[in-house]
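Reader: I have this one open on my screen and would like to go through it with you. Could you take me through it piece by piece?

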Amino acid sequence: MTDHTVVITECDHDGFDPESAEAAKNDLTLRIEQSTPEDLVANIQDADGILVQYSQITADVMDQAPRLRAIGRYGVGVDTVDIDAATDRGIAVTNVPDYGTEAVSDHAIGLAVSLARGIPLLDRSIRAGQYDVSLAKPLFQMTDRTFGVLGLGRIGTATARKAAGLGYRVIGHDFGIESGTRHHGVEVVSFEELIEQSQVLSVHVPLTEHTRGMIGRDQLAAMRSDALLVNTARGGIIDTDALVEALRAGGIGGAGIDCHEQEPLPATHPIAALDNVVLTPHAAWYTEQSYVELKRRTLEGVADVLAGRSPRNLLNPAALDHPRVIG
C-alpha cells in the first residue's frame, strides 16, 4: 500500500480518469474533494501532494498541511499559489505551461478573425430578422494589417505563426527580448510601438505584479481607433472598466475577451451589452486533446516530486534543496 496521498483540492472538470490512471501507475492514493475556502485545510491535512485549480494556497494553508511536499497547478498560471512560501517550506510547485499552446493560440486567432469579419454580430442580426452587412461595418481582411503579440512565449509565438499564415504583418513585444531583433521570425518592437501600431493586439503574458493592469486607460488611448484587442491570458492584465469606456467611445474597434477580471463574468456586466465585443468563458485552454494532457501531466508532476524524480516543469527548484526534503 502506498505511503503517499494526493488530493485534488477542487476542480470543475467532468471526470478524473487521466489523474486516476496516473495515480495508479505511480502507486498513489488519490482523493477528489470539492473544497470551499472554509474546508480546504481540513481536506488536505493528510496530503503529501495536492492538485489545485482555483484554491488559494497561501503560507497559512501550507503551515496547516504538515505532510505537504508538492503542489500541482492545473494549467499555466500559478498566481493562486504563494511560490516563495512554498520554497521556504520545501514544497515543490509544478505546472503545465505547454499543454494548451495550440488550443489557446487557435482560440486567440478565432477571436481575432471573428471580430475582423464581424461574424458574431452578423449572426445575431440575422437571428433578429436583420439581413444587412452594414450593421457590422467596418470589416477587414487580414492581408496588409498589423497583428501585435504581447508576450512571445510558447503561446504568443504560436499565435504569431498562425497570424502570419493568414497574411498579417506580425510584430511582438516581450520584456525579456530586445527590441529591434527578431524572435522566431517575429519583428520585436517596444511596448509603446506595439500599442500604437497594432490593428489586432493579442495578449499572452502571465499575470504578475508587473503585468497587472498593464493595458489601462493610457494604453487604450494610444491604440488605433480600428484596433481589436484579444485577451486569452489573464483578466487582470487589462483594466476592464477602462476597456468598456474605450469601446463605448470608439477609442478602439472591438475586443475578444476569454479571461475576465471577475469569473464567472456576470451577465449584467457592462461589457456584455456591447456589440463590438466577443466573449467566451475562459475556454481557450480546452480541446479534447489538451484536456487529457493537462490532467495527466498535472498529476505526473506531483508524482515525480513524491518519487524523488525531477519533474518536467518545476517552478521552484530551490525547494528540493530544503533541509526538510533532503533530510
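## Strands, cores and cysteines

Reader: Which residue is the bridge partner of Gly256 in β13?

Author: The bridge partner of Gly256 in β13 is Val278. Strands here are DSSP runs of E with at least two residues, helices are runs of H or I with at least four residues, and both are numbered from the N terminus. This is a predicted model, in which local features need pLDDT of at least 70 and side-chain atom pairs count only at pLDDT 80 or more, while totals for chains, interfaces and linings use all residues. Residues are numbered from 1 along each chain as its sequence is written, and side-chain values use heavy atoms, with hydrogens and water left out.

Reader: Then how many bridges join β12 to β13?

Author: Three bridges join β12 to β13 (residues 277–279), and the two strands run parallel; strands count as paired if DSSP finds at least two bridges between them.

Reader: And which way do the residues of β12 point?

Author: Gly254 and Gly256 point one way, Ala255 and Ile257 point the other way, and all of them are buried, where buried means under 20% relative accessible area, exposed over 50% and partly exposed in between, with a 1.4 Å probe and protein chains only. In a regular strand the side chains alternate between the two faces of the sheet.

Reader: What about β11, are its faces covered or open?

Author: Strand β11 (residues 228–231) is covered on both faces, with Leu228 and Val230 buried on one side and Leu229 and Asn231 buried on the other. It is joined to β12 by four bridges in the parallel sense, and across that pairing Leu229 stands opposite Ala255, while Asn231 has Ile257 as its bridge partner. The chain gets from β11 to β12 by way of α10, in a right-handed β-α-β crossover, meaning that, with the strands pointing away from the viewer, the path from the first strand over the helix to the second runs clockwise.

Reader: How do β10 and β11 pair?

Author: β10 and β11 pair in the parallel sense over four bridges, with Val200 opposite Leu228. Here the chain crosses from β10 through helix α9 (residues 217–222) to β11, and this crossover is right-handed.

Reader: Changing topic: which residues have the most contacts inside the largest nonpolar core?

Author: Leu150, Val203, Ile215, Leu220, Leu229 and Leu243 do, in a core of 30 residues; a nonpolar core is a set of buried Ala, Val, Leu, Ile, Met, Phe, Trp, Tyr and Cys residues joined through side-chain atoms within 4.5 Å. The largest share of this core, five residues, comes from α10. As one of those residues, Leu220 touches Ile215, Leu229, Ala242, Leu243, Ala246 and Ile252, leaving out residues up to four places away in sequence, with contact taken as heavy atoms within 4.5 Å. A second, separate core of 21 residues includes Ala108, Val188, Val230 and Val278.

Reader: In what order do the strands of the five-stranded open sheet come?

Author: The order is β2-β1-β3-β4-β5, with parallel pairing. At the edges stand β2 (29–32) and β5 (92–94), each with a single partner strand, so one side of each has no neighbour in the sheet. Helix α11 (residues 288–306) packs on this sheet, touching β1, β2, β3, β4 (70–73) and β5, and its direction makes about 165° with that of β4; axes are lines fitted to C-alpha atoms, for helices over the stretch in contact, and angles run from 0 to 180 degrees between N-to-C directions.

Reader: I also noticed a glutamate, so is Glu19 buried or exposed?

Author: Glu19 counts as buried because its relative accessibility is 0%, and it is found in helix α1 (residues 17–25). Leaving aside neighbours within four places in sequence, its contacts are Ile8, His13, Leu30, Leu51, Tyr74, Lys295 and Leu299.

Reader: Last one, on the cysteines: how many disulfides are there?

Author: The count is zero, a disulfide being a pair of cysteine sulfur atoms within 2.5 Å. For Cys11, the nearest cysteine sulfur, that of Cys259, is 16 Å away. Cys11 counts as buried, at 5% relative accessibility, and Cys259 counts as buried at 2%.
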